[in-house]
2 protein chains.
Amino acid sequence: MKVCISQLNSIVGNIDFNHRLIIKAAKKAVKDKAEVIITPELSLTGYPPEDLLLNKDFLKQSDFFLEKIAKKNLNIKIIVGHPVFVKGILYNSASVIFKGLISRTYHKQTLPNYGVFDEKRYFAEGNKSLIFNHNRKKIGLLICEDIWADEPLKDLEKNGVEIVICINASPYELNKRNYRLETLKKKFLKNNITLIYVNSVGGQDELLFDGASFAFNNKKLMVELPQFVEKTLTIDLDEQLTSSNTLQSEEALFRGLSLSLRDYLNKNNIKKVFLGLSGGIDSAVVAVIASKVCKNVEAIMMPTQFTSNESLMNARELAKNLGITYKVRKIDSLVRSINKTLESDFRGLETDITEENIQARTRGMLLMAFANKFNGIVLSTGNKSELAVGYSTIYGDMVGGFSLLKDVPKTLVYRLAHYINSQEEIIPRNIIERPPSAELRHNQTDQDNLPDYQILDSIIDLYVEKNLSVTDIIKSGFKAQEVKKVVKLILNNEFKRRQSAPGPKITSKAFGRERRYPITNKFS
Amino acid sequence: MKVCISQLNSIVGNIDFNHRLIIKAAKKAVKDKAEVIITPELSLTGYPPEDLLLNKDFLKQSDFFLEKIAKKNLNIKIIVGHPVFVKGILYNSASVIFKGLISRTYHKQTLPNYGVFDEKRYFAEGNKSLIFNHNRKKIGLLICEDIWADEPLKDLEKNGVEIVICINASPYELNKRNYRLETLKKKFLKNNITLIYVNSVGGQDELLFDGASFAFNNKKLMVELPQFVEKTLTIDLDEQLTSSNTLQSEEALFRGLSLSLRDYLNKNNIKKVFLGLSGGIDSAVVAVIASKVCKNVEAIMMPTQFTSNESLMNARELAKNLGITYKVRKIDSLVRSINKTLESDFRGLETDITEENIQARTRGMLLMAFANKFNGIVLSTGNKSELAVGYSTIYGDMVGGFSLLKDVPKTLVYRLAHYINSQEEIIPRNIIERPPSAELRHNQTDQDNLPDYQILDSIIDLYVEKNLSVTDIIKSGFKAQEVKKVVKLILNNEFKRRQSAPGPKITSKAFGRERRYPITNKFS
């Protein structure tokens, strides 16, 4: 029996485009003699549609295009994910379309409402399994979270299902691919069911879907589609294939970030990006990725008296290596003008963070002027470690339409840089080797204000991602003073993060929609 | 029977402070011979604690301070709202504390998970009513959303309850006070139950709780506590009181915004605020409110060549009327320096929105410098109409820690200004009467780019708040072209709103946590 796995990159809200994507994939599947084609969760509307689901026109349009797919009357069973209103109740559903008819519709029974998910805001839970017959085989249908719960699968097992199709929109996280596969293999250890797991692919604001759809049977992986690539592939369930696509974690991350940025730009019709090159590692990594996914990348180095020659040389060399447009615009005289405007107000007061922020904000202002004038966007280059502890200037280096490293801790930025250079020595070594510095005053380094990044990132990981208490983190071997300082900084900087640009979640707990902390909060 | 209604202003996360607040109120109630004191939903932790609820230390601290209240051994039944873990399951609960014991605990049965609410993210639903006896009266306990559902109240009725106590954290909306009261009166029309409805009061980030707690019986209002004031009041249920506190809507809004700002400042230990005075109506209204709730208000007028003399005079007069610090800092030369820095890059290109944004961003930069240097925050002065259609400069006039008019449409800003002047002629008339302008180029008015505000606000109301379709809005009498333009602007400006400062929800649908739209979205 031939089945087509179609990990599509739908666009949220572009139902017309998505329905054409599905039809195109189905036609290819027919040509490849597949009998069933499977598309991801909410493939028709894109995932997550968020409050568009409260819009009746949106739901009507979804119904309309679902019918249009049916009317194509293709000789294949097409499994489409879509929302549907039944008697005033909205479900997250999957329909089986065959020969002009929407023959069966399944309603997701397990709705995730944690982490990045808000499905109970929109949907009601279904309460019935769906089993359809094909070639005398019993096939059960599940949607995403259903397969992690117990009941839906048990019910299919009880009913003697031979194949389970699970359609998903499962966001990427570092190492989640292995976790998915191994956990599900264990879950299917005691049955002989073939699992076909189809995941969507693509970037959508703060989420990134990695594809990596797969099928296994008798504990053996039959096929795995690549991560981060839209792909429609027909496989024969009766043949024992084994193709797998395990990426090393840095390579996966690199490809994932690239897809996330590419999709943000393409899906929002953005043709040009600007970024500030500092000669540091964060902007270097962002520049590398931007240059891979966008033709028009303009890097602007905005030195002051505090900018080292090293930084200038590093930035120029990197831009040359990448073949991107590179400009140097000195901002000293501008910064002086601003300080002069404030001179009478600040007379007699010490120079402090204010003057550092002015430098960062001057850069933000110029970058935004470029973006406005040439109809592009600015990419923020800050990383997760900075954002966690507020080591960044709001309206300064935080300026931007997309923040690519928002969820990438500094130590992982280094690993990414090493990975990039292992493919092609493109980032000047000095960028990777020198101690990180914001260069906002003389001889400043990040470690003047922050613990060593190895320690900082470990504390952030334990506190934010692993949700450990301060006491437990200290017990695990960190200095009490350091832990308390870092946690306090994390709690006190929520106000900055609230105004930060969106960026892709890649860890198990990203700031943003996944970690919802009050700004006004006295708990510590 | 004497009952004490205590509409407290808890601070999210400051459980120690909140528990002292509750004890203090209970002591007062004892002195007033009350037999029961009722505090709001989650009075112990503050509402909404958001992801603090995922923190075990937070829950432990809540348990600890609940015990501490009990240990005070006060001779009164104290009803406290708090989260509680029972066998690994978290509930939104209310306990009856009496003579050193937490005698009974009710778990909220109806969890709101729409609009601003995410309760299903944290809590499980309770499934049992709680009825306790006091003075041979049967008293039932409900929490907020429970009373809007059918089952919990029916179950209490069936069990012959004579008094229903409902504790709430019900966010303020224009006119919601009347809606609450009238709808609940209807609901209690066919029974003889006394309802005691206790609501929290205070500002918490984007939410504002208005208090206005009340009790009614036999369709008659017995007492209503004031809106926007923390208050603990003992009433005798056997006496027929009638005290009500209906505020006109502009007065209520004025007091509500004042409380929201006051609490944001106080709860975050902010002692000083800066705002840009433009001579326009938005900054005027923000300045008036800021001057009422904060001792250190500094208004800065930052004129350019496009600033009219009228604006200068208006701003100065307003500041004088309010008795706030007022400075004029011309920014023309700074703006020239910035434009000069960009001259070679922009040569031959038309002047456009870029240069307008530079002016707004220069102002934002200076305001932030003041806030940084003097340890204060900037108040954003933009209104909901601007934010809806993106008629504002990100990192420019959108700069700020709190955006007081974020959910106030421009036409309502005018009504607020009239209300303010009806109390005391403090806003110079010319500010109210002249046509609104951003003054970013010669002879500019808002209506060069936007429909008349009456029309704009109506379309925003129908599209955003009433959730009507474009077709239905056009049918209701608006020009198709205008409706389409406005809706397109609303959809296209989500990226700006995502980076806007928090501000209080006052309508039935605020941007921010209540309206969750994707940035990347092709639906229109």
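Predicted model: local features only at pLDDT ≥ 70, side-chain atom pairs only at ≥ 80, totals over all residues.
**View 1. Chain B meets chain A.** The contact takes 59 residues of chain B and 59 residues of chain A. Five helices of chain B each supply at least two residues of the side that touches chain A: H2 (56-71), H5 (249-267), H8 (332-341), H10 (353-373) and H17 (494-498). H10(B) gives the most, with 12 residues. By residue type, this side of chain B divides into 27 nonpolar, 17 polar and 15 charged.

**View 2. The axis between the copies.** Two copies of a chain are related by a rotation about an axis and a shift along it. The same surface serves both copies, as 100% of the contact residues of chain B recur in chain A.

**View 3. Two domains of chain A.** The domain assignment of chain A gives domain 1 (2-246) and domain 2 (253-450 + 493-498). Taken over C-alpha atoms, the centres of these domains are separated by 39 Å. Nine residues from domain 1 of chain A and eight residues from domain 2 of chain A make the contact. On the domain 1 side, strand S10 (201-204) and strand S11 (207-210) of chain A are the elements that give two or more residues. The residues of that side divide into five nonpolar, three polar and one charged.

**View 4. A six-stranded sheet in chain B.** The sheet is open, and its strands have the order S5-S4-S3-S2-S1-S14 (chain B). Pairing is mixed. Strand S5 (101-107) and strand S14 (231-236) of chain B are the edge strands, and each pairs on one side only. Neighbouring strands are turned by 30° against each other on average, direction ignored. Inside the sheet, S3 (residues 77-86) and S4 (residues 89-98) of chain B pair in the antiparallel sense over nine bridges. B:Ile78 stands opposite B:Ile97 in S4(B).

**View 5. Helices on the sheet of chain B.** Helix H1 (residues 15-31) of chain B packs on the sheet. H1(B) touches strand S1 (2-7), strand S2 (36-38), S3 and S14 of chain B. The direction of H1(B) makes about 30° with that of S14(B). H2(B) also packs on the sheet, touching S3, S4 and S5 of chain B. The direction of H2(B) makes about 155° with that of S3(B).

**View 6. Strand S4 of chain A and its partners.** Eight of the 10 residues of S4(A) (residues 89-98) are buried, so this strand is largely enclosed by the rest of the structure. Strand S3 (residues 77-86) of chain A pairs with S4(A) in the antiparallel sense over nine bridges. A:Val84 stands opposite A:Tyr91 in S4(A). S3(A) and S4(A) form a hairpin with two residues between them. In that turn, A:Lys87 has a positive phi of about 50°. Six bridges join S4(A) to strand S5 (residues 101-107) of chain A, and the two strands run antiparallel. The bridge partner of A:Phe98 is A:Leu101 in S5(A). S4(A) and S5(A) also form a hairpin with two residues between them, and A:Lys99 in the turn has a positive phi of about 45°.

Note on methods:
Residues numbered from 1 in each chain as written. Chains lettered and ligands numbered in written order. Contact = placed C-beta atoms within 7 Å. Helix = DSSP H or I, 4+ residues; strand = E, 2+ residues; numbered from the N terminus. Nonpolar A, V, L, I, M, F, W, Y, C, P; charged D, E, K, R; others polar. Domains from an automatic or database assignment. Pairing = 2+ DSSP bridges. Axes fitted to C-alpha atoms, helices over the stretch in contact; angles between N-to-C directions. Buried ≥ 20, exposed ≤ 12 C-beta atoms within 10 Å, placed from the backbone.
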